[in-house]
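Okay, thanks for making time, everyone. I'd like to walk you through one model today, so let me put it on the screen.

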Amino acid sequence: MTLSATELCHGYDGDPVFDGVSLSVTPGEVVTIIGPSGVGKSTLLRLLALFDAPDDGTITVDGVDVWAASDQRRLEYRRRIGMVFQEASLFDASVRRNVEYGVRVRQSWADRLRTALSSLSRRGNGDSNVVEALETVGLHERADRDATSLSGGQAQRVAFARALAYEPDVLLLDEPTSDLDPRNTAVIEDAVLAATERDIGVVVATHDMHQAERIGDRVAVLLGNEIIEVGPTEPIFESPSDDRTRKFIDGELIY
Ligand SMILES: Nc1ncnc2c1ncn2[C@@H]1O[C@H](COP(=O)(O)OP(=O)(O)OP(=O)(O)O)[C@@H](O)[C@H]1O
C-alpha cells in the first residue's frame with residue numbers, strides 16, 4: 001500500500017508545528033525523516049499512523065482520502081499500519097505474549113476468533129507470525145522470558161517484533177534505536193531491511209544521520225516548519241541542494 005501525506009498543516013493549541021508537509025512511502029522502501037529535536041518528526045508519524053486528523057491537508061491510502069472515508073474504512077487502514085514508539089512499553093508477561101498482543105489488537109473480531117480457534121488446534125504452539133517476528137529480531141530463544149526482565153535494547157526489539165508480527169503494510173518507527181548500543185541497533189536495522197523484503201514500506205524518524213544513510217532509500221529533511229528537502233538518500237547527503245541540509249548534516253546548525 002502507498003501511504004501519502006499531502007500539504008499537511010498541524011499544530012497544538014494554536015501553535016503550528018508544520019505547514020505544508022508532503023511525504024509518501026511505497027511498498028518495500030525505507031524513508032527516513034531527519035531533523036532537530038522538537039521539529040515535529042513524532043507529530044508527522046502520528047498523523048501518518050492515522051492517530052490524529054491533520055488540521056489541514058490530506059492523507060491517502062492508495063489514493064483514497066482517509067479522513068474523508070467512513071470510520072470503518074479508516075479503522076481498516078489503521079490496522080494495516082504499525083507504529084513503534086520511542087518507549088517500548090511492554091507489559092508484565094512473557095515476550096511471546098507481548099508480541100502476540102500486537103496481532104490480536106490489530107485483528108477484527110472475526111479474525112480474532114479464527115486465530116483463537118486455530119491456536120487451539122495447534123495446542124498453543126504459537127502463531128507462526130509471532131515466531132518469525134521473534135526470529136527476525138533474534139529473540140526467539142527468549143520467547144518464554146518475562147518481558148520486564150529484558151534490557152532496554154531487547155525490549156525495543158520485542159516492541160519491533162510486536163509490530164512486525166501482524167504483518168503491517170506500512171511500519172512507522174519513532175527513534176527506534178535512540179538509546180541502543182551498536183549491537184541492538186544493528187539488529188533493528190537488519191529487521192527494517194527484512195521488513196522491506198516483505199514489501200513493507202517503512203518510515204523512520206531518527207536523530208542518527210549515519211542510520212539515515214545506512215538504511216534510507218529516501219530521506220526527508222524536516223527543518224523549521226517544513227520539509228526542506230526530500231529524495232534519494234545518497235545525493236542528498238553528498239550534495240544537498242539546500243544549504244541548511246548540509247549544515248544540519250554536518251552538525252553546524254544550532255537549534
Ligand atoms: N501532545 C502535544 N501537545 C502539545 N504540544 C505538543 C504535543 N506533542 C508535541 N508537541 C509539540 O510539538 C512540537 C513537535 O514535537 P514532536 O514530538 O513531534 O517533535 P520531534 O521532532 O519528534 O522531537 P524529538 O526529536 O525530540 O522526539 C514540539 O514543540 C512539542 O513540544
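Predicted model: local features only at pLDDT ≥ 70, side-chain atom pairs only at ≥ 80, totals over all residues.

Before I go on, the housekeeping. Residues are numbered from 1 along each chain as its sequence is written.

When I say helix or strand, I mean DSSP runs numbered from the N terminus: H or I of at least four residues for helices, E of at least two for strands. And two strands pair if DSSP finds at least two bridges between them.

Four strands make an open sheet, ordered β2-β1-β4-β5, with antiparallel pairing. At the edges sit β2, residues 15–25, and β5, residues 64–65, and each of them pairs on one side only. Strand β1, residues 3–12, runs antiparallel to β2, with eight bridges between them.

On the β4 side, β1 pairs in the antiparallel sense over five bridges. There T6 has T58 as its bridge partner in β4, and L3 has V61. V61 then turns up again, with V64 as its bridge partner in β5. β4 and β5 run antiparallel, joined by two bridges. They form a hairpin with two residues between them, and D62 in the turn has a positive phi of about 45 degrees.

What lies across this sheet? Helix α1, residues 41–48, lies across β1, β2 and β4 (56–61), running at about 125 degrees to β1. For angles, the axes are lines fitted to C-alpha atoms, for helices over the stretch in contact, and angles run from 0 to 180 degrees between N-to-C directions. Contact between two residues means that their C-beta atoms, placed from the backbone, lie within 7 Å.

α1 also matters for the ligand shell, as the largest share of that shell, three residues, comes from α1. The residues around the ligand are Y12, V17, G35, S37, G38, V39, G40, K41, S42 and T43. A residue gets onto that list if its C-beta atom, placed from the backbone, lies within 6 Å of the molecule. By class, the shell has three nonpolar, six polar and one charged residues. For the classes, Ala, Val, Leu, Ile, Met, Phe, Trp, Tyr, Cys and Pro count as nonpolar, Asp, Glu, Lys and Arg as charged, and the others, Gly among them, as polar.

Now, the other sheet. Six strands form an open sheet in the order β6-β7-β8-β3-β9-β10, and the pairing is mixed. Its edge strands are β6 (81–84) and β10 (226–232), each pairing on one side only. On average, neighbouring strands here are turned by 15 degrees against each other, direction ignored.

Inside this sheet, β3, residues 30–34, and β9, residues 218–223, run parallel and are joined by four bridges. I33 has A220 as its bridge partner in β9. β9 and β10, by contrast, pair in the antiparallel sense over six bridges, with L223 opposite E226 of β10. Their hairpin has two residues between the strands, and G224 takes a positive phi near 65 degrees.

Helix α7, residues 182–197, lies across β3, β7 (170–174) and β8 (201–205), at about 150 degrees to β8.

Last topic: helix packing. How do α6 and α7 cross? Their axes come within 10 Å, at roughly 10 degrees. So α6 and α7 are roughly parallel to each other, where that label covers angles under 35 degrees, over 145 is roughly antiparallel, 65 to 115 roughly perpendicular, and the rest oblique. In α6, G153, Q156, R157, F160 and L164 meet N184, V187, I188, A191 and A195 of α7. Those contact residues divide into six nonpolar, three polar and one charged.

Then there's α5, residues 128–136, whose axis comes within 8 Å of that of α6, residues 152–165, crossing at roughly 140 degrees. That makes α5 oblique to α6. From α5, N129, V130, A133, L134 and T136 meet A161, L164 and A165 of α6. That contact has six nonpolar, two polar and no charged residues.
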